[in-house]
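Reader: I'm new to this one, so please take me through a single part of it slowly. Here is what I'm looking at.

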Amino acid sequence: MLEVITMEEKYWDEFMKSGLVDDYLLYKGMQIAGEVMDRYEERDKSEQVLESDADSNSDRDGVILRADWRI
């Protein structure tokens, strides 16, 4: 996350120097990219928790559950 903040600051500084709309849009793009990356990191963490919970409650059937147990 430190790299994204540094890049955001770089683009903000560039906009403050030039005042160009293009530079402001580049800054906003970096800000949005950082937010998207944060969301994906949160989603990955929650998926890992769900996977670990599923593993601990395993009934040894795995993915395939069968109702027709034949003898």
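Which side chain meets that of Arg43 in a salt bridge, and what is the distance from N to O?

Author: That would be Asp44: its side chain and that of Arg43 meet in a salt bridge, at 3.9 Å from N to O. Before we go on, a word about the ground rules: this is a predicted model, where local features need pLDDT of at least 70 and side-chain atom pairs count only at pLDDT 80 or more, while totals for chains, interfaces and linings use all residues. Residues are numbered from 1 along each chain as its sequence is written, and side-chain values use heavy atoms, with hydrogens and water left out.

A salt bridge here means a side-chain nitrogen of Lys or Arg within 4 Å of a carboxyl oxygen of Asp or Glu. The structure holds one of them. (Under 20% is buried, over 50% is exposed, and partly exposed is in between, using a 1.4 Å probe and protein chains only.)

Now for the wider setting. The chain has two helices and zero strands; helices are DSSP runs of H or I with at least four residues, strands are runs of E with at least two, and both are numbered from the N terminus. Of its 71 residues, 8% count as buried. One of the buried residues is Asp23, with a relative accessible area of 13%. Asp23 lies in helix H2, and its C-alpha atom is 7.8 Å from that of Trp12, eleven residues apart along the chain. Leaving aside neighbours within four places in sequence, Asp23 is in contact (heavy atoms within 4.5 Å) with Tyr11, Glu14, Phe15 and Ser18.

Some of those names lead us to the rings. A search of the whole structure finds four aromatic pairs. In one of them, Trp12 and Phe15 are tilted, 5.4 Å centre to centre with 50° between the planes. To count as a pair, rings of Phe, Tyr and Trp (its six-membered ring) need centres within 6.5 Å; planes under 30 degrees apart are stacked, over 60 edge-to-face, and the rest tilted. Trp12 and Phe15 both sit in helix H1 (residues 2–18), three residues apart, about one turn of the helix. Phe15 is buried, at 17%. Phe15 also pairs with Tyr24, again tilted: 5.2 Å between centres, 55° between planes. Tyr24 has its place in helix H2 and is partly exposed at 32%. Ring pairs link Trp12, Phe15, Tyr24 and Tyr27 into a cluster.

Finally, have a look at the surface. Trp12, Met16, Val21, Tyr24 and Leu25 make up a nonpolar patch with about 500 Å² of accessible area together. Patches take residues with over 30% relative accessible area and no salt bridge, joining nonpolar side chains (Val, Leu, Ile, Met, Phe, Trp, Tyr) within 5 Å and like charges within 9 Å. Accessible areas come from the Shrake-Rupley method with a 1.4 Å probe, and for residues only the protein chains shown count as cover. H1 and helix H2 (21–56) each supply at least two residues of the patch, with the largest share, three residues, coming from H2.
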